[in-house]
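Subject: A structure to look through

Dear colleague,

Please open it first, and then read the notes below with the model beside you.

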Amino acid sequence: MTALLERVIPGQDVDRGRVARLTVAHAGADLFQAAVPALIPFFVAERGMSYADAGLLVLAGSLASSVMQPLAGVVGDRVRAAWLQPLGLALTGGGLLAATLLDSFAAIAVALLLGGLGVAIFHPEAFRATRAAAAASPGAALGVFALGGNIGFALGPSLVVPLGAAYGIEAAGAVAVIPLVGALLLGRGVPSDLVTPGDDAASVEVPDDWRTFGFATLGATAAAGVLFGLMAFAPVWFDETLGTGVGLGSAAVTGMLLAGAVGTYAAGAVGDRRGRRPVVLVSVLALVPLSAVLPLTGPLLAVVVLIVIGLVIEGVFYPLVIVAQDGLPRHAGLAAGTALGLSVGVAAGTTSLLGVLVDANGPVAALWGCAVMAVVALAAGALAVCRPH
């Protein structure tokens with residue numbers, strides 16, 4: 001893997017071995033977030049829960065992972081301990097395994113809260129360590145790091161469902177070995193001992209720029225809201241409005257997510273060479289018309305538009321996370337934890353608001369809601385990267 005990274009992450013000072021280990025570990029952390037929702041039918045069938053109770057368990061894990069990330073980032077800013085990375089993965093894997101072995105609702109909820117807490121602990125420190133290991137190529141390295149997360153999201157349900165269907169929920173818990181192996185792979189953790197933008201800025205006492213951080217986080221949240229909204233309601237729109245059934249819509253969303261993995265790396269690599277500003281501006285300027293035209297398209301063109309949206313939307317999210325972190329050089333962990341975790345949690349919560357629109361006006365209303373969030377991403381992203389000096 002390290003040899004492959006020599007081609008995709010340029011630069012003489014990049015520690016590609018560290019990036020490789022963090023990327024594999026990221027797959028283990030994000031597997032948790034996709035595996036827990038896939039356990040819902042098994043909680044219902046084998047633990048006698050209602051779907052509402054099973055949904056609350058998913059919420060417990062999701063809230064812990066998203067809401068606690070800013071706090072975990074603050075702790076990381078003070079402690080600066082590499083061992084937080086394997087600790088987070090150990091909690092993630094242990095919580096997931098325990099949730100499949102326990103019987104009571106309360107015990108499973110505690111296990112998933114601990115697993116979500118592990119995800120929250122891992123991300124800010126792993127993000128910081130990846131940037132440090134990347135030297136002058138943070139965008140490309142974080143693109144590879146993000147690809148690890150995408151792989152983890154894909155592995156979660158694809159492993160949990162067949163294992164659970166064939167051998168029961170206890171067997172589905174075997175997927176916890178992936179984050180646990182990630183913890184072992186990291187050992188004592190990957191230190192942030194190379195110079196990062198935050199470290200250099202702190203040494204010359206550059207003040208934190210909360211304005212840039214705020215707008216960058218808002219832009220990242222809005223972009224993530226567009227993605228979550230389309231993931232949730234584009235298949236419904238294909239089925240109920242376009243009359244194609246959910247299959248084509250689900251395939252289009254899969255294509256959008258796969259294109260997003262490509263877009264994450266491409267945007268990061270271009271940003272390293274050309275700067276974050278043109279990448280963010282071009283991406284959000286493309287996202288707005290694409291989101292606005294989507295509700296007006298037919299089935300085949302809609303598939304194409306969704307794939308292109310997936311490609312450009314990642315040119316907004318991760319570059320703005322980097323901008324947010326650079327805005328707070330003295331609080332890089334807090335910035336990463338908020339821009340990565342809390343923004344995704346808030347974005348996921350917007351799906352409930354879009355659901356209200358769908359109940360009242362049909363699934364096309366959710367698509368128009370996504371177009372509005374794209375405009376918010378444009379405004380906030382432009383204000384973040386075009387800040388006065």
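Predicted model: local features only at pLDDT ≥ 70, side-chain atom pairs only at ≥ 80, totals over all residues.

The chain has 16 helices and zero strands. Its radius of gyration is 20 Å, close to the 21 Å that the globule rule gives for 389 residues, so the chain is as compact as a globular protein of that length. Along its principal axes the C-alpha trace spans about 60 × 50 × 35 Å, and 54% of the 389 residues count as buried. If you take the contacts with a separation of 6 or more, 81% of them come from residues 24 or more positions apart.

Just after helix 7 comes glycine 168, which takes a positive phi of about 100°.

Next come the charged pairs. Side chains of opposite charge can pair when their charged atoms come close. A search of the whole structure finds four salt bridges, and among them are two that involve arginine 47. With aspartate 103, the closest N and O atoms are 3.4 Å apart; arginine 47 lies in helix 3 and aspartate 103 in the loop between helix 5 and helix 6, so this pair ties together parts that are 56 residues apart in sequence. With glutamate 170, the closest N and O atoms of arginine 47 are 3.2 Å apart, and this pair links helix 3 to helix 8, 123 residues apart. Arg47, Asp103 and Glu170 are thus linked in a network of salt bridges, in which arginine 47 counts as buried at 15% relative accessibility, whereas aspartate 103 is exposed at 57% and glutamate 170 is partly exposed at 38%.

Another salt bridge joins arginine 131 to aspartate 326, with the closest N and O atoms 3.0 Å apart. Arginine 131 lies in helix 6 and aspartate 326 in helix 14, so the pair ties together parts that are 195 residues apart in sequence.

Finally, please look at the surface, where Leu56, Leu59, Leu63, Val67, Phe105, Leu342 and Val346 form a nonpolar patch with about 550 Å² of accessible area together. Helix 4 and helix 15 each give two or more residues to the patch, and helix 4 gives the most, with four.

With best wishes

How values were computed
Residues numbered from 1 in each chain as written. Heavy atoms only, no water. Patch = residues over 30% accessible without salt bridge, like charges linked within 9 Å, V, L, I, M, F, W, Y side chains within 5 Å. Areas by Shrake-Rupley, 256 points an atom, 1.4 Å probe, with all protein chains shown as cover. Salt bridge = Lys/Arg side-chain N within 4 Å of Asp/Glu carboxyl O. Rg over C-alpha atoms; globule rule 2.2 N^0.38 Å. Buried < 20%, exposed > 50% of the residue type's maximum accessible area, 1.4 Å probe, protein only. Contact = heavy atoms within 4.5 Å.
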